[in-house]
Amino acid sequence: ENSASSLTLECLLELYLKHRILRPASVICYKNAARTFSRFVTDGRQSLTLSELTTDFLLEWRKWILSTCSGTIFNKIGR
């Protein structure tokens, strides 16, 4: 088990997928959203732990997503 201070989004997603039974399309959607978020988060860094995320950072990501795609796509990413 990972501690909260070292848990990454990818680890959290893998844990979630291990404990949930989802449709294959849902798994793909979750992985795409995590990959998109990770690209935004890392921006040249190796990784970011969940304990480093702030509300402001998440709002900046949402703003970035909305500026790059339609609301329909954002809703699909958020699923």
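I began with helix α1 (residues 9-19) and α2, which pack at an angle of about 170° with their axes 10 Å apart. For the axes, lines are fitted to C-alpha atoms, for helices over the stretch in contact, and angles run from 0 to 180 degrees between N-to-C directions. That angle makes α1 roughly antiparallel to α2; the classes are under 35 degrees for roughly parallel, over 145 for roughly antiparallel, 65 to 115 for roughly perpendicular, and oblique for the rest. I listed the contact residues (contact means heavy atoms within 4.5 Å): Leu9, Glu10, Leu13, Glu14, Tyr16 and Leu17 come from α1, and Val27, Tyr30, Lys31, Ala34, Phe37 and Ser38 from α2.

A note on the source: this is a predicted model, where local features need pLDDT of at least 70 and side-chain atom pairs count only at pLDDT 80 or more, while totals for chains, interfaces and linings use all residues. Residues are numbered from 1 along each chain as its sequence is written, and side-chain values use heavy atoms, with hydrogens and water left out.

Next I stepped back to the whole protein. I find four helices and zero strands, in the pattern α-α-α-α along the sequence. Both are DSSP runs numbered from the N terminus (helices H or I, at least four residues; strands E, at least two). Buried residues make up 24% of the 79 residues, where buried means under 20% relative accessible area, exposed over 50%, and partly exposed in between, with a 1.4 Å probe and protein chains only. Of the contacts between residues at least 6 apart in sequence, 50% join residues at least 24 apart.

Then I went to Ser38: which helix holds this residue? Ser38 sits in α2 (residues 24-42) and counts as buried because its relative accessibility is 15%. The C-alpha atoms of Ser38 and Glu10 are 8.3 Å apart, across 28 residues of chain.

Thr36, Phe37, Phe40 and Val41 of α2 meet Phe57, Leu58, Glu60, Trp61, Trp64 and Ile65 of α3.

From α3 I also checked Arg62, which is partly exposed at 41% relative accessible area. Arg62 and Phe37 lie 25 residues apart in sequence, with 9.5 Å between their C-alpha atoms.
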